[in-house]
Amino acid sequence: MTDAVVFENVSKRFRGGQAYRALRDDIVGALGRVVGLKRGSEQVVRALDDVSFSIPEGQSFALLGPNGAGKTTALKVASRITYPTSGRVRVRGRVGALIEVGTGMHPELTGRENVDLYGRILGLSRRDVRSRFDEIVEFADIGGALEQPVKQFSSGMQLRLGFALAAHLEPDVLLVDEAIAVGDAGFQYRCVERMRELVQEGRTLVFVSHNMSAIESLCERGVLLDHGRITADGPARDVVRDYLRQVEASLVEEDAARSVTGGGLAIVDVTLHDESGGRVEEAAPGRPLTVRLHFHASSPIDEPIFEVGLNDGRIGPFALASMLIDGQAPRSISGEGYVDCTFADLPLLPRVYELWGGVRHGAGFGDLVDWQRLRFFRVAGEVDGGGPAAVSHSLSNAPVRLPYRWGFGGGVSN
Amino acid sequence: MPVLEVVGGPGRLSRESFAELWHFREVLWAFVVRQVKVRYKQAVVGIGWAIIQPVLAALVFALFLFRYSSVPSEGVPALLFTLAGMTGWTYFSSATALASESLVTNQALLRKIYFPREVLPLSGALAGVLDLLLALGVLVVVTFAYGIGPALSWVALPLPLLLLVVAAAAFGNGLSAINVYYRDVRYALPFVLQLGLFVSPIAYPLSVVPSSWRTIYAILNPVAAATDSLRRIVVHGHWPDFPVLLASIGWSLFLLLCSYAFFKRLERGFSDRV
């Protein structure tokens, strides 16, 4: 099978600093170098660093990675909006690209003129463009604004027209960046549907997104970029899993247990323990977990109210253990010691969670130690169902695992 | 299926550049039409500006230079003489300015879609041709008004016009590329063009230049050759000085080729630097 897109040792370097220079600065710089006063010390940013991959025709391909990894640069290089500093790029066939809002559109031209212009740039005949015209207008849903300059469009309209242009003028290779995430849910759904259609017709798709579920369900293959280098290449699902694990790991690493203080009380460490009391770094799903808050009280404190919460990144804890509710505050604490909070049979999906905690005064409930994140912890294990987005969906959605089963009544064929 | 291959490093002018430009000729045309429309859409006088500019400038020159000084006007009415000069000059200066700003003005486009970038400055140079033709029409009308009729030599008119377009494209192309990197161009160009007006035989005849220098000066300064030819053809009803005119066209084509090569060398950095 032939390759639609080939990157061979592609590097792209940007010179840092301001976007454009005044002649004066260059003259001063050149003189400085000649006289030996100052070395050329411009900062060089490597957006892509010796990147090689090839995408066979008809493959649906995803580029993943954190912001600044080089994903968008790779798309821009493939669509010749920017050029590689070194290496070789080969693209077979017509390229439709939606890289940013407004990609491919001239702000001064009307919607109709833009459809024409884009078609011409892609090398389509007027007749081909005309035959696709209604389809584009319908998809973009811009009806009455067709004769207005694109600069007067709302960003949503620009986005819709941009995608419609890229995806409906017979592209052999479709490049889509996360720009579509700006659209509303209905539009995003139509975009994904259109991309799926194109893939089924045998077109090649290169998709960049932070929407892991979309990648997992749409793409066969994924490449993970980090600081302009490829760090993983394989089936999209595996790469999504690698990437999410990597994100979790970096969270846990950058923010291990820290000591927090306030009002004469310090929580100096937070440790996790299994049912036998042994210290653990990961929690086992479905087993008890003990959170141990090690404190240091410089003077005796009466009736301190301890609280521990679990959070999965959304606002507020999804589980809370609070002495304000259960009334089990100790009469007094002083010196060094610890408080244990044991959650029975942790019904959580395997991923990383935040552990929050705080301590209040018994009288008036004012904060001794502010309610805050104390550490991250991971629930061990792997989820891998057979669903189209099993990995990404279970790693980013509701955390609590309740046993469930589906049942079907009339009108369901199975 | 077309295969596109890009190898890293600076770009260069090659046979493919010309083939690609030809392939994108419709896009070039679309930009030309667009620029003409945009330029006059929001102006009250509209296309009238194409006429007002050269006529007013010619009036001013005719009034001050010929009434209060002793510059010769080749024995024709002063207004006719300066109008013939301003017709070519107005086109050359505005087309050069438009072309040299074209990449910066269209930076949103540079960052969002691919097409050979020279399409922008070239369309800038071509967009002014409509103005040039209108101004030429005015010149012809004024010529008739002075009782001077058409002559056979008028068939040579396309040559000086071509020379002006080639020269504006050559300068506009190169300057637009430099403008991406050094915005100084924006500030320096009006000043340089102003100097150009006085360095070219617009408000004075070519014969003012010492005869030993005249030929080489008229060839190297395409505006001089074009202006002198325009005057000879329309105002005097003579044939232009063909050796000088053709040599100047050749020289301008050479300049255009050089500036095209220069442009292609810098082209790949445009979207990153603009």
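Student: What is the strand order in the open sheet of five strands in chain A?

Tutor: This is a predicted model, and in it the open sheet runs β13-β19-β18-β15-β16 in chain A, with mixed pairing.

Student: Which strands stand at the edges?

Tutor: β13 (282-283) and β16 (319-322) of chain A. Each has a single partner strand, so one side of each is left without a neighbour in the sheet.

Student: And β15 and β18 of chain A, in what sense do they pair, parallel or antiparallel?

Tutor: Antiparallel, over seven bridges. β15 of chain A covers residues 305-311 and β18 of chain A covers residues 352-360.

Student: How many bridges join β15(A) to β16(A)?

Tutor: Four, and those two strands run antiparallel. Within that pairing, E307(A) has S322(A) of β16(A) as its bridge partner.

Student: OK, new topic. How many residues does each chain put into the contact?

Tutor: Chain A gives 35 residues and chain B gives 29.

Student: Which part of chain A supplies the largest share of its side?

Tutor: β4(A), with seven residues. Elements of chain A that each supply at least two residues to that side are β1 (3-15), β4 (86-92) and α3 (111-121).

Student: What is the chain A side made of, by class?

Tutor: It has 15 nonpolar, eleven polar and nine charged residues.

Student: Back to β4(A): which strand of chain B is it joined to?

Tutor: β1 of chain B, residues 3-7. Five bridges join the two strands, which run antiparallel. V89(A), for instance, has V6(B) as its bridge partner in β1(B).

Student: Now the inside. Which residues touch the most other members of the largest nonpolar core?

Tutor: That core has 152 residues, and the ones touching the most other members are A78(A), L175(A), V206(A), F207(A), I215(A) and A168(B).

Student: What does A168(B) touch?

Tutor: Leaving out residues up to four places away in sequence, A168(B) touches F92(B), A95(B), T96(B), A99(B) and A125(B).

Student: How many residues are in the second, separate core?

Tutor: There are 23, including F295(A), V308(A), L348(A) and L368(A).

Technical notes
Residues numbered from 1 in each chain as written. Chains lettered and ligands numbered in written order. Predicted model: local features only at pLDDT ≥ 70, side-chain atom pairs only at ≥ 80, totals over all residues. Pairing = 2+ DSSP bridges. Contact = placed C-beta atoms within 7 Å. Nonpolar A, V, L, I, M, F, W, Y, C, P; charged D, E, K, R; others polar. Core = buried A, V, L, I, M, F, W, Y, C linked by C-beta atoms within 7 Å. Buried ≥ 20, exposed ≤ 12 C-beta atoms within 10 Å, placed from the backbone.
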